[in-house]
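Please consult the sequence and the model while reading.

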Amino acid sequence: MKHALSVLVNNKPGVLLRVVGMISRRSFNIDSLSVGVTQPPEYSRITIFFKGEAYIVDQMIKQIGKIPDVTAVQLHNPKDAVYRGMTLVKVRTDDDNRLDVLKIAELFRAHAVDVQTTTLIFEITGQDEKVEAFTRLLAPYGILEIIRTGQIAMERGEKTINNYAEKKEFYGKSVI
């Protein structure tokens with residue numbers, strides 16, 4: 001089962017290593033990792049996607065919450081969260097197929113960010129399934145290169161990860 005975890009941490013060197021180390025010690029393979037400074041800038045938000053059994057995830061969340069620089073840990077429910085990642089795709093084109101490739105990109109709301117005589121680079125955002133469908137349709141034209149960012153997740157509605165930080169709750173349960 002795939003899980004999405006947001007971790008709000010103090011923006012200090014070494015914190016990312018401690019959080020990722022906790023996950024790797026539990027033998028979970030990280031599928032996606034994204035880190036960015038938040039508002040206010042003294043915090044960073046780490047978004048981690050990984051697969052694992054639910055009963056072990058609960059224990060892992062509690063262990064991450066014990067790391068001194070961790071302010072909040074939030075496990076996302078796919079029904080209550082928005083997931084996004086960005087992908088750049090370089091595809092081979094020529095005068096005969098360029099319009100076909102651009103029509104496919106329009107269907108997926110991908111944006112051409114670079115146009116050359118023999119290639120196009122598209123930027124596409126969204127969930128993995130959307131990106132995979134897009135690249136599957138572009139494959140016959142000749143994909144030269146793909147690069148993906150780590151996915152990010154945010155809970156829908158009024159709740160924010162800062163709510164978890166203010167209450168010192170991790171995954172809805174106090175571990176302190």
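Which residues of helix α3 (residues 98-107) are buried? They are Arg-98, Val-101, Ile-104 and Ala-105, where buried means under 20% relative accessible area, exposed over 50% and partly exposed in between, with a 1.4 Å probe and protein chains only. Seen down the axis of α3, these buried residues fall within an arc of 125°, so they line one face of the helix; the arc is that of the directions from the helix axis to the C-beta atoms. Helices (H or I, at least four residues) and strands (E, at least two) are DSSP runs, numbered from the N terminus.

The model is predicted: local features need pLDDT of at least 70, side-chain atom pairs count only at pLDDT 80 or more, and totals for chains, interfaces and linings use all residues. Residues are numbered from 1 along each chain as its sequence is written, and side-chain values use heavy atoms, leaving out hydrogens and water.

On the other side of α3, Leu-99, Lys-103, Glu-106 and Leu-107 are exposed. The cover over the buried residues of α3 includes the elements below.

| Element | Residues |
|---|---|
| β5 | 81-92 |
| β7 | 119-126 |
| α4 | 128-138 |

Just after α3, Arg-109 takes a positive phi of about 55°.

Ile-152 lies in strand β9 (residues 152-155). At 45% relative accessibility, Ile-152 counts as partly exposed.

Technical notes: Contact means heavy atoms within 4.5 Å.
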